Amino acid sequence: MATVPFKTESPFENILTRTHDASDFKYEKYTQYISSQVGASTSPVNLALFGLGRAGSIHLSNILANPRVNLRYIVEEDETRWEPSRIRWNLQTTTFIRPGDVAQVYADQDLHACLIATPTFTHEGFIIGSLDGGKAVFSEKPISQAPSGTARCYEKAATVGKPLFCAFNRRFDPSFTNVRNRVRAGELGHIHMIKTTSRDSPLPSIAYLKISGGIFHDCAVHDIDMITWILGEYPSEVFSAANSHIPEIKAINDWDNVAITMKFPSGTLATVDLSRFASYGYDQRLEVFGPKGMLHVKNETPNKTVFSDSCGSSEVPMYYSFPSRHADGYMRELDHFLDVVQGKSTMSVTDRMTSAVSKIADACEDSAKTGKTVELSWGEDELPEGYVKTA
């Protein structure tokens, strides 16, 4: 047989030294669950969840699936959600609280942390109250509706010595994380161009859009954060163009399509393609290009089945919306926050990062309104550790 010379050793040789690739984070978690070694802290984090809306429901399922958390309270304004949630999730030991009675939560000395997933206009008050009560805080973005409110929250966190984590969940997506790590390792060389596509599905309700903060602070902030996080640099110029093809969105003085261009001091260019509604699914793509090659994150699908017939081949549609597409990111960001609370990790999203993203989003929105390029400058006190200020 011609291939006999290519026979290899038995796969049982070196079986104890082979292991999984570092990218297989799910297998890594499995190894942690079956390990006989105990981590630095095995005591569960006692936590209060604020809000049972879109984001809150995602966090609730992840909290209950995580053995490191004990859900003591749910703070929810709409009492019609209490009993269905209690029954659905078997919440026999969780106390439901009205926002007006939240002082009980803040006063609980056995509570370690609060997770804020309520409407944006309530964030600052709940964050300040939680920090004053000595709790670590996980907050959905944005921290506050205004930069001054964001600053107050982070100043309070510094004063009381508790972490305030802003949840930019795409940083914790396995594919996006892999791209960032490979870019930072120099695999592509100096980046020439980075592009994101973020098109929402399904179309959000008008009720939500009215309180969302607008497309720049509700949607574009995710792309801005991801691009600057990958590059470790902030832009010196931004230009945005936007339109409103959906009359109901135009009527509330918002846009449904946005194109953003960012120019960085090092010469890198970035573009963001953003839309409130894609009829074909939740379109999330990333491309990074440099002199040594390109990294590209494609849209993900619920399964990898391919159907073929005389007309060709087809796959199942891409994920329908963010709860399914970013399910891994939501789980991983919760684990990161728990690591921070238990002293196992330092916080990866800092006050300077959060403030910078808001500053860039404001500039992009101003550009869309005026039709002009907006220049940005950055002081040393605005740059996170490891971020580059290029002259």
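What you're looking at is a predicted model, where local features need pLDDT of at least 70, side-chain atom pairs count only at pLDDT 80 or more, and totals for chains, interfaces and linings use all residues. Residues are numbered from 1 along each chain as its sequence is written, and side-chain values use heavy atoms, with hydrogens and water left out.

Let's start with helices. Two packed helices are described by the angle between their axes and the distance between the axes. Helices here are DSSP runs (H or I, at least four residues), as are strands (E, at least two), numbered from the N terminus. Axes are lines fitted to C-alpha atoms, for helices over the stretch in contact, and angles run from 0 to 180 degrees between N-to-C directions.

Find α2 (residues 54–65) and α12 (residues 327–341): their axes sit 10 Å apart, at an angle of about 60°. That makes α2 oblique to α12; angles under 35 degrees count as roughly parallel, over 145 as roughly antiparallel, 65 to 115 as roughly perpendicular and the rest as oblique. Touching here (contact means heavy atoms within 4.5 Å) are Ile58, His59, Asn62 and Ile63 of α2 with Tyr330, Met331, Glu333 and Leu334 of α12.

Now try α5 and α6 (residues 147–160), whose axes come within 9 Å and cross at roughly 10°. That makes α5 roughly parallel to α6. On the α5 side, the contact includes Ile127, Ile128 and Leu131, and on the α6 side Cys153 and Ala157 are among the residues involved.

Next, the empty space. Rolling a probe the size of a water molecule over the atoms shows where empty space is left. On a 1 Å grid over the protein atoms alone, a cavity is a set of points where a 1.4 Å probe fits but cannot get out, and a pocket is an open set with protein on both sides within 12 Å along at least five of seven lines; lining residues have an atom within 4 Å of a point. Grid points are joined across faces, edges and corners, and a volume is the space filled by probe spheres set on the points.

The second largest pocket has a volume of about 880 Å³. Of its 43 lining residues, Arg54, Ala55, Ala117, Thr118 and Tyr208 are the closest to its centre. Helix α9 gives the most to this lining, with 5 residues.

Helix α9 turns up again at the largest cavity, where α9 and α13 (351–370) each supply at least two lining residues. This cavity has a volume of about 50 Å³, and α13 gives the most to its lining, with 3 residues.
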